[in-house]
Amino acid sequence: MDYDVYFPSNLNNVDVNNDNVDVCIRFKDGREYSIVVITPENLSELMKKSCRPYILPDFKFLVVQTINKENIYQLISTIIENKYLLEFYGSDTLE
């Protein structure tokens with residue numbers, strides 16, 4: 001594995017079924033990306049709070065059924081396999 005994953009927030013403080021978290025991916029070559037992982041329930045809650053039946057595409061969420069390390073690591077492995085997905089959903093924090 002040529003990258004490390006860290007969480008700016010403590011995962012013990014999130015609602016695993018209804019929340020969103022920042023996840024950082026740091027590659028050995030110095031590149032670093034930040035992604036946002038969200039649950040379906042939290043997407044629904046955000047729509048209710050905004051009084052809209054949709055989520056605008058200007059913010060790029062990656063959706064997992066529940067927020068836990070296993071789901072997040074599986075997701076990260078998948079998006080790293082496709083460089084386009086990593087660059088589309090992640091923001092390079094060094095830019």
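# Contacts, core and rings in a predicted model

Biologist: At what distance does a polar contact join the side chains of Glu 32 and Tyr 6?

Modeller: Residues are numbered from 1 along each chain as its sequence is written, and side-chain values use heavy atoms, without hydrogens or water. A polar contact is a pair of N or O atoms within 3.5 Å; within protein, one must be able to donate a hydrogen and the other to accept it, and residues adjacent in sequence count only if both atoms are side-chain atoms. For the side chains of Glu 32 and Tyr 6, the distance is 2.3 Å.

Biologist: Is Glu 32 buried or exposed?

Modeller: Glu 32 is placed in strand 3, where strands (E, at least two residues) and helices (H or I, at least four) are DSSP runs numbered from the N terminus. Its side chain also makes a polar contact of 3.1 Å with that of Arg 26. Relative accessible area (1.4 Å probe, protein chains only) under 20% means buried, over 50% exposed, and in between partly exposed. At 14%, Glu 32 is therefore buried.

Biologist: Which residues touch the most other members of the largest nonpolar core?

Modeller: A nonpolar core is a set of buried Ala, Val, Leu, Ile, Met, Phe, Trp, Tyr and Cys residues joined through side-chain atoms within 4.5 Å. The largest one has 20 residues, and those touching the most other members are Val 21, Val 23, Ile 35, Val 37, Ile 72 and Ile 76.

Biologist: Which elements each supply at least two residues of this core?

Modeller: In soluble globular proteins, nonpolar side chains tend to be buried together. Here, the elements are strand 1 (3-6), strand 2 (20-27), strand 3 (32-38) and helix 2 (69-81).

Biologist: What is the angle between the planes of Tyr 3 and Phe 27?

Modeller: Rings of Phe, Tyr and Trp (its six-membered ring) pair if their centres lie within 6.5 Å; planes under 30 degrees apart count as stacked, over 60 as edge-to-face and the rest as tilted. By this rule there are six aromatic pairs. The tilted pair of Tyr 3 and Phe 27 is 5.7 Å centre to centre, and the angle between the planes is 55°.

Biologist: How many residues apart in sequence are the parts that this pair ties together?

Modeller: Tyr 3 is buried at 11% relative accessible area, and Phe 27 is buried at 5%. Because Tyr 3 lies in strand 1 and Phe 27 in strand 2, the parts tied together are apart in sequence by 24 residues.

Biologist: Which residue lies over the face of Phe 27?

Modeller: A charge sits over a ring if NZ of Lys or CZ of Arg is within 6 Å of the ring centre and within 35 degrees of the ring normal. Phe 27 belongs to one aromatic cluster with Tyr 3 and Tyr 33. At 4.1 Å from the ring centre of Phe 27 lies Arg 31.

Biologist: Which residue's side chain has a polar contact of 2.7 Å with that of Asn 42?

Modeller: Asn 42 lies in helix 1 and is buried, with a relative accessible area of 5%. Not counting residues up to four places away in sequence, Asn 42 touches (heavy atoms within 4.5 Å) Asn 17, Asn 18, Asp 19 and Asn 20. The side-chain partner at 2.7 Å is Asn 20.

Terms used:
This is a predicted model: local features need pLDDT of at least 70, side-chain atom pairs count only at pLDDT 80 or more; totals for chains, interfaces and linings use all residues.
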